[in-house]
Amino acid sequence: MSLRLGDTAPNFQIDTTNGKIDFHDWIGDSWCFFFSHPADFTPVCTTEMGRTSQLDAEFASRNVKSIGLSTDTVEEHFKWIEDVNDTQNTTLKFPIVADADLEVSSMYDMIHPGESETAAVRSVFIIDPSKKIRLTMTYPMSVGRNFDEILRVIDSLQLSDKEQIATPADWQVGDKVIIPPSISNEDAAKIFPQGWDEIRSYLRLTQV
Ligand code: BEZ
């Protein structure tokens with residue numbers, strides 16, 4: 001079953017490099033960046049694990065917990081983390097799920113048999129504190145993910161939850177945002193007293 005935006009992220013209990021977790025309890029009141037990768041001791045994955053660890057403070061400042069997954073054992077993960085730390089100049093602290101029997105990767109549709117029957121592809125799930133899935137992305141095995149984009153999407157989701165806005169293409173923090181067409185000009189005047197630029201009646205940009 002494929003998971004869709006707005007679905008509740010399926011819960012699971014499983015061993016990780018930080019001990020056994022109940023996924024929902026572990027997320028608690030935080031957001032979650034849940035990402036899978038094909039295998040330990042592989043080059044692209046090593047850079048992705050390192051990058052996630054290097055960005056610990058960026059994720060924490062957004063109240064986001066990171067958790068990785070691959071279809072290897074905890075013992076293999078521990079050995080690999082030593083390599084990640086050595087080669088990527090970091091100290092990896094977030095948990096990595098040991099999904100050797102494919103329980104979680106099947107539940108989250110991370111196994112794409114056209115790519116591999118046994119290894120997970122590069123899936124991303126951004127999950128909010130109510131455990132709703134807010135973003136999914138799937139990258140092929142040969143392409144390392146863009147972590148600036150992952151942080152950018154989290155910034156956009158958190159801002160749109162707070163401010164009743166949407167964000168335009170390539171938006172970055174501090175750029176103008178979009179007043180959704182569902183908000184009338186009359187209501188917009190109350191919500192956005194700072195005003196807006198009306199490019200078209202359906203395209204109104206404001207600063208928040
Ligand atoms: C990698 O992480 O480098 C990788 C893993 C599986 C297939 C291709 C590349």
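Q: What makes the reach of helix α6 (residues 147-163) close to the expected value?
A: In this predicted model, α6 has 17 residues and spans 24 Å from its first C-alpha to its last. The expected span of a helix is 1.5 Å times one less than its number of residues, and for α6 this expectation is 24 Å, to which the reach is close. A helix here is a DSSP run of H or I with at least four residues, and a strand is a run of E with at least two, both numbered from the N terminus.

Q: What conventions stand behind the numbering and the values?
A: Residues are numbered from 1 along each chain as its sequence is written, and side-chain values use heavy atoms, with hydrogens and water left out. As the model is predicted, local features need pLDDT of at least 70 and side-chain atom pairs count only at pLDDT 80 or more, whereas totals for chains, interfaces and linings use all residues.

Q: Why is N146 said to cap the N-terminal end of α6?
A: A side-chain oxygen of N146 lies 2.9 Å from the backbone nitrogen of D148. A polar contact is a pair of N or O atoms within 3.5 Å, where, within protein, one atom must be able to donate a hydrogen and the other to accept it, and residues adjacent in sequence count only if both atoms are side-chain atoms. The helix is followed by Q164, whose phi is positive, near 55 degrees.

Q: Why is T206 called buried?
A: Buried means under 20% relative accessible area, exposed over 50%, and partly exposed in between, with a 1.4 Å probe and protein chains only; T206, at 2%, therefore counts as buried. T206 is found in strand β10 (residues 203-206), and its side chain reaches the backbone oxygen of G195 at 2.7 Å. T206 also touches residues including V177, F192 and W196, where contact means heavy atoms within 4.5 Å.

Q: Why is K190 called exposed?
A: K190 has 61% relative accessibility, so it counts as exposed. K190 belongs to helix α7 (residues 185-191).

Q: What makes the phi of D109 and that of K131 stand out?
A: Most residues other than glycine have a negative phi. D109, however, has a positive phi near 55 degrees, and K131 has a positive phi of about 75 degrees although it is not a glycine. D109 lies in the loop between α5 (103-107) and β6 (122-127), while K131 is in the loop between β6 and β7 (133-139). With 33% relative accessibility, D109 counts as partly exposed, whereas K131, at 14%, counts as buried.

Q: How do you know which residues are around the ligand?
A: A residue is near a molecule or strand if one of its heavy atoms lies within 4 Å of it, and the residues around the ligand are P38, T42, P43, V44, C45, R122 and M141. Helix α2 (residues 43-54) gives the most to this shell, with 3 residues.

Definitions and conventions
Lists of a residue's contacts leave out its neighbours within four places in sequence.
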